[in-house]
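Here are my notes on this model, point by point. Please read them with the coordinates open.

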Amino acid sequence: MAGSLEGKVALIMGLANESSIAYGVAKALKARGAELILTYQTEKTLKYIQALFDELQPGITQLCDVQDEASVSQLFAAIKQKYGQLDIGVHSIAFAQKDDLHGRVVDSSAAGFALAMDVSCHSFIRMAHHAEPLMTRGGTLLAMSYYGAEKVVPNYGMMGPVKAALECAVRYMATELGPKKIRVHAVSPGPVKTRAASGIREFDLLISNATGSAPLRELPDIDDVGEASAFLCEDGAARLTGSTFYVDGGMNILA
């Protein structure tokens with residue numbers, strides 16, 4: 001599919017290190033000819049991803065704190081100034097405080113729940129709000145979810161309800177933005193060995209159990225997620241929107 005995204009401008013938010021799903025997506029989009037815009041959360045993060053910037057050669061690299069509206073506005077101002085358009089937006093960001101993530105949902109604090117919802121869900125909505133005026137020729141918006149949004153996954157805790165809200169938001173956004181030919185999807189990988197996922201308690205056991213029960217007897221890696229995400233951004237997916245797109249070895253079909 002080389003060249004299938006030639007001339008497209010793609011923003012990817014959430015690159016943290018070489019094991020990030022965002023990195024897998026960035027590689028797949030770059031291989032298809034897209035011009036990349038990559039953000040990072042803090043100056044501390046930069047040292048972990050500078051080599052990835054050197055590899056991917058993005059047109060813009062910018063610090064962006066999704067909880068800081070001024071920071072987000074500055075990012076999209078830079079995109080408008082350099083490109084005047086945006087075709088793809090990828091949100092690969094999630095966060096919950098450890099106590100809320102490891103504890104029971106019924107014990108979660110209001111502040112902790114609000115924080116997780118803001119960073120993991122509403123920041124995607126805010127990204128779409130800023131992207132819409134730049135997607136004058138249509139486009140694709142992707143957010144990363146997980147099966148814990150639908151079924152109870154041990155130790156996933158409060159992120160389950162948060163991801164459920166994210167998937168619901170995707171459907172509403174797809175309906176609202178569809179007349180402008182802006183497609184919106186949630187991509188739902190199975191458990192992927194990222195540094196962020198390692199914060200889930202007994203994650204290795206989750207991986208082991210999922211591998212043994214998945215119909216394909218194997219789980220995706222970041223490159224699998226990247227390839228599936230790139231497909232959703234191509235013209236071949238022009239009539240698809242509002243879906244939760246599973247890349248999980250078939251785990252989602254099991255009872």
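**Notes on contacts, burial and helix geometry**

1. The side chains of R126 and D118 are joined by a polar contact of 2.8 Å. A second polar contact, of 2.7 Å, joins the side chains of R126 and H122. A polar contact here is a pair of N or O atoms within 3.5 Å; within protein, one must be able to donate a hydrogen and the other to accept it, and residues adjacent in sequence count only if both atoms are side-chain atoms.

2. On provenance: this is a predicted model, where local features need pLDDT of at least 70 and side-chain atom pairs count only at pLDDT 80 or more, while totals for chains, interfaces and linings use all residues. Residues are numbered from 1 along each chain as its sequence is written, and side-chain values use heavy atoms, with hydrogens and water left out.

3. R126 sits in helix α5. Helices (H or I, at least four residues) and strands (E, at least two) are DSSP runs, numbered from the N terminus. With a relative accessible area of 15%, R126 is buried. Buried means under 20% relative accessible area, exposed over 50%, and partly exposed in between (1.4 Å probe, protein chains only). Neighbours within four places in sequence aside, R126 is in contact with V66, Q67, E69 and D118. Contact means heavy atoms within 4.5 Å.

4. Helix α3 covers residues 69-82, and its end C-alpha atoms are 20 Å apart, in agreement with the 20 Å that its 14 residues should span at 1.5 Å a residue. The expected span is 1.5 Å times one less than the number of residues. At the start of α3, the backbone nitrogen of A70 has a side-chain oxygen of D68 within 3.0 Å. Just after α3, G84 has a positive phi of about 70°.

5. Which residues of α3 are buried? They are S71, V72, L75, F76 and I79. These cover an arc of only 130° around the axis, so they lie on the same side of α3. The arc is that of the directions from the helix axis to the C-beta atoms. An α-helix has 3.6 residues a turn, so residues three or four places apart point the same way. The buried residues of α3 pack against β1 (9-13), β2 (35-40), β3 (60-63) and α5 (110-131). K80 and Q81, on the other side of α3, are exposed.

6. The structure has three aromatic pairs. Rings of Phe, Tyr and Trp (its six-membered ring) pair if their centres lie within 6.5 Å; planes under 30 degrees apart count as stacked, over 60 as edge-to-face and the rest as tilted. One of the pairs is F231 with F245: centres 6.2 Å apart, planes at 35°, therefore tilted. F231 is in helix α8 (residues 222-233) and F245 in strand β7 (residues 244-247), 14 residues apart. F231 is partly exposed at 30% relative accessibility. F245 is partly exposed too, at 24%.

7. H185 belongs to strand β6 (residues 182-189). Its relative accessible area is 0%, so H185 is buried.

8. V105 lies in the loop between α4 (98-102) and α5. V105 is partly exposed, at 39% relative accessible area. From V105 to G160 is 55 residues in sequence, but 9.0 Å in space, C-alpha to C-alpha. V105 touches G157, M158 and P161, not counting residues up to four places away in sequence.
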